[in-house]
Each structure stands twice: as C-alpha cells, then as structure tokens.
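Student: I'd like to go through this one with you, question by question. Let's bring it up.

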Amino acid sequence: MNKISMLISLILYWIGFSALLPDFLHQVDPDGIAYINEAKVFFSGDFNSAINGCWSPLFPVLLSPFVKLGIDPLLLCRLFNGVFSCLILFSFNRLIKKLNVNYSFLLALLPFAIALITLSMTFYLLGPDVL
C-alpha cells in the first residue's frame, strides 16, 4: 500500500466521519451507557464497583479523565472510536509493508474498504468495538 492511497483513505475517512457525526452522535445503546457510567465510577476512585466481569475496563479508564473535564461523553466515545479507526488503518499499512505484498490495483483499493468498514463500526455502537 503506498502513502498516497493511505493518505487519501484517511482524508476520506475523516470527511465521512465529520459528515456522519451530527446524525449519529446521540445514537446510544445500553452498553455505551454502561461504559460511560463506569468511566464516572473509575474517576471517583471506586475501583471495586467499576471493575466487573461484563465490560472491559480499558475504554472507561481512557474516558474517565475527559469525562471529569466536562467533555460530552457521547462525543468523546465517537472521537475515540474515530482515532482508533485511524490506528487500524495505520496498523494495516504496516502489516502490508511487513509482508512485502506486491502492489496491485486491488491492494490500492483495500485501504478504502477498510476505511468504510471502520467508519461503519465507529457509528454502529457507542462502545469500544473498534478498540
């Protein structure tokens, strides 16, 4: 995968992200509410109540300092998923380079397909599915 297709896929991803964010910002699921509540509990210092067997503690730990600053947790979750999606694109790019895959037309289209998949996962649920 060359740098141009990677850069174009990232730009298209953020254009799509910016266009879809207002429509999907307030789409909430029960797991997303639980992650936001866990972030608030983590910041209060009640770790015994915050850690449970149902939800992973990584996403609430990442959210908790920003929730305390007063940033909208719904927007914060979407932004985190957007950043994690870009990290997926970068990781995929490094994997392709490490495997020494020959460049072809289909390989040039693959970052765009991954950008679409991660964009749909960013707005599908509020939780850390992209993470």
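Student: In which helix does L7 lie?
Tutor: A word on the model first: it is predicted, so local features need pLDDT of at least 70 and side-chain atom pairs count only at pLDDT 80 or more, while totals for chains, interfaces and linings use all residues. Residues are numbered from 1 along each chain as its sequence is written, and side-chain values use heavy atoms, with hydrogens and water left out. Helices are DSSP runs of H or I with at least four residues, strands are runs of E with at least two, and the numbering starts at the N terminus. By that rule, L7 belongs to helix α1.

Student: Which helix gives the most to the positive patch?
Tutor: Lys and Arg count as positive and Asp and Glu as negative, leaving out His and the chain ends. The patch is formed by K3, R94, K97 and K98. K3 sits in helix α1, but the top contributor, with three residues, spans residues 73–98: helix α5.

Student: How far apart are the mean positions of the positive and negative charges?
Tutor: Each charge is placed at NZ of Lys, CZ of Arg, CG of Asp or CD of Glu. For the 7 positive and 7 negative charges of the protein chain, the mean positions are separated by 19 Å.

Student: Which residues does F112 touch, beyond those up to four places away in sequence?
Tutor: F112 is placed in helix α6 (residues 105–124), and at 25% relative accessibility it counts as partly exposed. Contact means heavy atoms within 4.5 Å. On that basis, F112 touches S5, I8, S9 and L12.

Student: What about W55: which residues is W55 in contact with, leaving aside neighbours within four places?
Tutor: W55 lies in the loop between α3 (47–50) and α4 (58–68). With 25% relative accessibility, W55 is partly exposed. Its C-alpha atom is 38 Å from that of I4, 51 residues away along the chain. The contacts of W55 are D31, A34, Y35 and E38.

Student: Zooming out, what pattern does the protein chain follow along the sequence?
Tutor: The secondary structure comes to six helices and zero strands. Read in order, the pattern is α-α-α-α-α-α.

Student: And what share of the residues is buried?
Tutor: The C-alpha trace spans about 50 × 30 × 25 Å along its principal axes, and the accessible surface comes to about 7700 Å², 71% of it from carbon and sulfur atoms. Of the 131 residues in the protein chain, the buried share is 40%.

Note on methods: Buried < 20%, exposed > 50% of the residue type's maximum accessible area, 1.4 Å probe, protein only. Areas by Shrake-Rupley, 256 points an atom, 1.4 Å probe, with all protein chains shown as cover. Patch = residues over 30% accessible without salt bridge, like charges linked within 9 Å, V, L, I, M, F, W, Y side chains within 5 Å. Salt bridge = Lys/Arg side-chain N within 4 Å of Asp/Glu carboxyl O.
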